[in-house]
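Hi everyone, thanks for making time this morning. I'd like to walk you through one model, starting at the ligand and then stepping back to the whole chain. Have a look at it first.

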Amino acid sequence: MILVTGGAGFIGANFVLDWLASNDESVVNVDKLTYAGNLENLASLQGDARHVFVQADIGDSAVISALLQQHQPRVVINFAAESHVDRSIHGPEDFIQTNVVGTFRLLEAVRAYWNELEHEAKSSFRFLHVSTDEVYGTLSPTEPAFTEDHNYEPNSPYSASKAASDHLVRAWHHTYGLPVLTTNCSNNYGPLHFPEKLIPLMIVNALAGKPLPIYGDGMQVRDWLYVRDHCSAIRRVLEAGKLGETYNVGGWNEKANIDIVKTVCALLDELRPRGDGLSYAEQITYVTDRPGHDRRYAIDARKLERELGWKPAETFETGIRKTVQWYLDNPQWVQNVQSGSYRDWLQKQYAAKAST
Ligand code: NAD
Ligand code: TYD
């Protein structure tokens, strides 16, 4: 069986669902269930004996060690993290605790477990660490996309904490021989995305008749990757990745934020027109920029294509249509995640942002 951490969050849950849809190998899913963890994402697995959910912190060494002993996974995939840049600006502590200290403790627990494995199990074991393109810092409009050799130049508390975790993973391979793989992916989007991030926030706010807040001039560029393409890349790296290597995963979809939001509005205009006949784009509002906002991220995913034959299956046009449709089809999911703590976050983050 395999063990994943953070499997009740956006990418982790998509990964677990995809894995069990195409594979009979069981999954132990360890998640602390922070505000971002949602068991409803895994509701379709209720009663499925191949999925074992355990609420625990990756930093709880005793629990993690016991789970490794009990389940003897052949793979550990680390999705668990604090993942939202804006939250890291308001309160970096949780990011250091989970992304740095948590990853360190997880690595130590896994190392102790791996050391005791028999020869064959030991050589086939893999620890895959899921990271981000944000560790590479920011690009000017004309610079080439990030390759795996780009310097680490993180600019936010979030990206700095992920960079630290990547360095730990690298060092555990180099020093202790732990069989690790690291993936650095671009911005994911798709079903089950928590509506504090750009695309789901815009869909949810548009439908609720609320402003669509664009930070700064809206010309920041991100490279969008459909979440299920990310999941297939992880499966491929697990199968065939070279130990100790990192692989960049991207969608070849560089878009400015304002264009993303206009695309979402146009799709909603088509699929769920506003009652007054006006476009949802009327709700676009420019607000104060994020401090230290990275201007551009872009992933060069050619290594993964060249060495492991992976390519994304979705274009942005197909992926964003599926995504908007998913939110239209799942109003109950959206309503359920809009808890008191979600509303508190919106108040804290956007009430102080002046319109510009
Ligand atoms: P998410 O915030 O939606 O989910 C994170 C999950 O981790 C949640 O279920 C949460 O409960 C769990 N978690 C948090 N702290 C934990 C802890 N201490 N112990 C155990 N579980 C804990 O994040 P996501 O978007 O699914 O991201 C998953 C991974 O992918 C993260 O490592 C993130 O840095 C990375 N990543 C995400 C993106 C993106 O666009 N979403 C892009 C690049 C990289
Ligand atoms: P986000 O989804 O938070 O991802 P990241 O910061 O990890 O790239 O934001 C994506 C882009 O959208 C980023 O440039 C910030 C911008 N943004 C807005 O303009 N308005 C918003 O309300 C949010 C949440 C993000």
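This is a predicted model: local features need pLDDT of at least 70, side-chain atom pairs count only at pLDDT 80 or more; totals for chains, interfaces and linings use all residues.

Now the residues themselves. The shell holds 28 residues, and I11, D31, S83, Y158 and K162 come nearest to ligand 1. By type, the shell splits into 13 nonpolar, eleven polar and four charged residues.

The backbone takes part too. A polar backbone atom of F10 sits 3.1 Å from an oxygen atom of ligand 1. For I58, a backbone N or O atom is 2.9 Å from a nitrogen atom of the ligand. F79 also places a backbone N or O atom 3.1 Å from a ligand oxygen. How much of ligand 1 does the protein cover? The answer is 97% of the 820 Å² of accessible area that the ligand has on its own.

Stepping back, the protein has 13 helices and twelve strands. Its radius of gyration is 20 Å, close to the 21 Å that the globule rule gives for 356 residues, so the protein is as compact as a globular protein of that length. Of those 356 residues, 54% count as buried.

Finally, the surface: the protein exposes about 15000 Å², and carbon and sulfur atoms supply 50% of that.

Methods
Residues are numbered from 1 along each chain as its sequence is written. Chains are lettered from A and ligands numbered from 1 in the order in which they are written. Side-chain values use heavy atoms; hydrogens and water are left out. A residue is near a molecule or strand if one of its heavy atoms lies within 4 Å of it. A polar contact is a pair of N or O atoms within 3.5 Å; within protein, one must be able to donate a hydrogen and the other to accept it, and residues adjacent in sequence count only if both atoms are side-chain atoms. Accessible areas come from the Shrake-Rupley method with a 1.4 Å probe; for residues, only the protein chains shown count as cover. Ala, Val, Leu, Ile, Met, Phe, Trp, Tyr, Cys and Pro count as nonpolar, Asp, Glu, Lys and Arg as charged, and the others, Gly among them, as polar. Helices (H or I, at least four residues) and strands (E, at least two) are DSSP runs, numbered from the N terminus. The radius of gyration is taken over C-alpha atoms; the globule rule is 2.2 Å times the number of residues to the power 0.38. Buried means under 20% relative accessible area, exposed over 50%, partly exposed in between (1.4 Å probe, protein chains only).
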